[in-house]
Amino acid sequence: MDVRIEVTRLLDDVLHLGGRAAVFNDDTVLMGGVPELDSMAVVTLISAFEDRFGFTIDDDEIDGAIFATLGSLTNFVATKLSSGT
């Protein structure tokens, strides 16, 4: 599984980006750069990641740095997947 592709697909689906996420790269700014990504969308994304990947994200794990760029979000998801939590 390509984690970056899966994260990009989820972003596109959850935020209703209409395919815009397909051109995102690791440096694409998410928080503050994608208008659809607000605090409510973050909550929805967290649930989508938990459902899709089968891990749990605790409240104390979440901070703005995770949603800073596609790369930071992908790294977070990859780390969760490799730790099995």
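I began at the end of helix α1, where His16 follows the helix with a positive phi near 55 degrees. I took helices (H or I, at least four residues) as DSSP runs, numbered from the N terminus. I then asked in which element His16 is placed. His16 belongs to the loop between α1 and α2. Most residues other than glycine have a negative phi. I noted that His16, a residue other than glycine, has a positive value. I also looked up its accessibility: His16 is exposed, at a relative accessible area of 67%. Here exposed means over 50% relative accessible area, buried under 20%, and partly exposed in between, with a 1.4 Å probe and protein chains only.

I recorded the basis of these entries. The model is predicted, so local features need pLDDT of at least 70 and side-chain atom pairs count only at pLDDT 80 or more, while totals for chains, interfaces and linings use all residues. Residues are numbered from 1 along each chain as its sequence is written, and side-chain values use heavy atoms, with hydrogens and water left out.

Helix α1 itself came next. I found that α1 covers residues 3–15, 13 residues in total. From its first C-alpha to its last, α1 reaches 18 Å, close to the 18 Å expected at 1.5 Å a residue; the expected span is 1.5 Å times one less than the number of residues. At the N-terminal end of α1, I identified Asp2 as the cap, with a side-chain oxygen 3.0 Å from the backbone nitrogen of Arg4. I used polar contact for a pair of N or O atoms within 3.5 Å; within protein, one must be able to donate a hydrogen and the other to accept it, and residues adjacent in sequence count only if both atoms are side-chain atoms.

Which residues of α1 are buried? I listed Val3, Glu6, Val7, Thr8, Leu10, Leu11, Asp12, Val14 and Leu15. Their cover includes α2 (39–53) and α3 (70–83).

I examined Thr8 in helix α1 separately. Thr8 counts as buried, at 10% relative accessibility. Leaving aside neighbours within four places in sequence, I found Thr8 in contact (heavy atoms within 4.5 Å) with Ala21, Ala22 and Leu70. The C-alpha atoms of Thr8 and Gly19 are separated by 9.6 Å, eleven residues apart along the chain.

I then turned to the packing of α1 against α3. Their axes come within 9 Å and cross at roughly 115 degrees; axes are lines fitted to C-alpha atoms, for helices over the stretch in contact, and angles run from 0 to 180 degrees between N-to-C directions. I noted the crossing as right-handed. On the α1 side I found Val3, Arg4, Val7, Thr8 and Leu11, which meet Leu70, Leu73, Thr74, Val77, Ala78 and Leu81 in α3. The residues of this contact divide into eight nonpolar, two polar and one charged.

In helix α3 I also looked up Lys80. Is Lys80 buried or exposed? Lys80 is buried, with a relative accessible area of 5%. Lys80 and Asp2 are 14 Å apart in space, C-alpha to C-alpha, and 78 residues apart in sequence.

My last entry concerns Thr28, in the loop between α1 and α2. Thr28 is buried, with a relative accessible area of 18%. Its side chain reaches the backbone nitrogen of Asn25 at 2.8 Å. Leaving aside neighbours within four places in sequence, I found Thr28 in contact with Ala68, Thr69 and Leu70.

Note on methods: Helix = DSSP H or I, 4+ residues; strand = E, 2+ residues; numbered from the N terminus. Left-handed = near helix turned anticlockwise from the far one by under 90°. Nonpolar A, V, L, I, M, F, W, Y, C, P; charged D, E, K, R; others polar.
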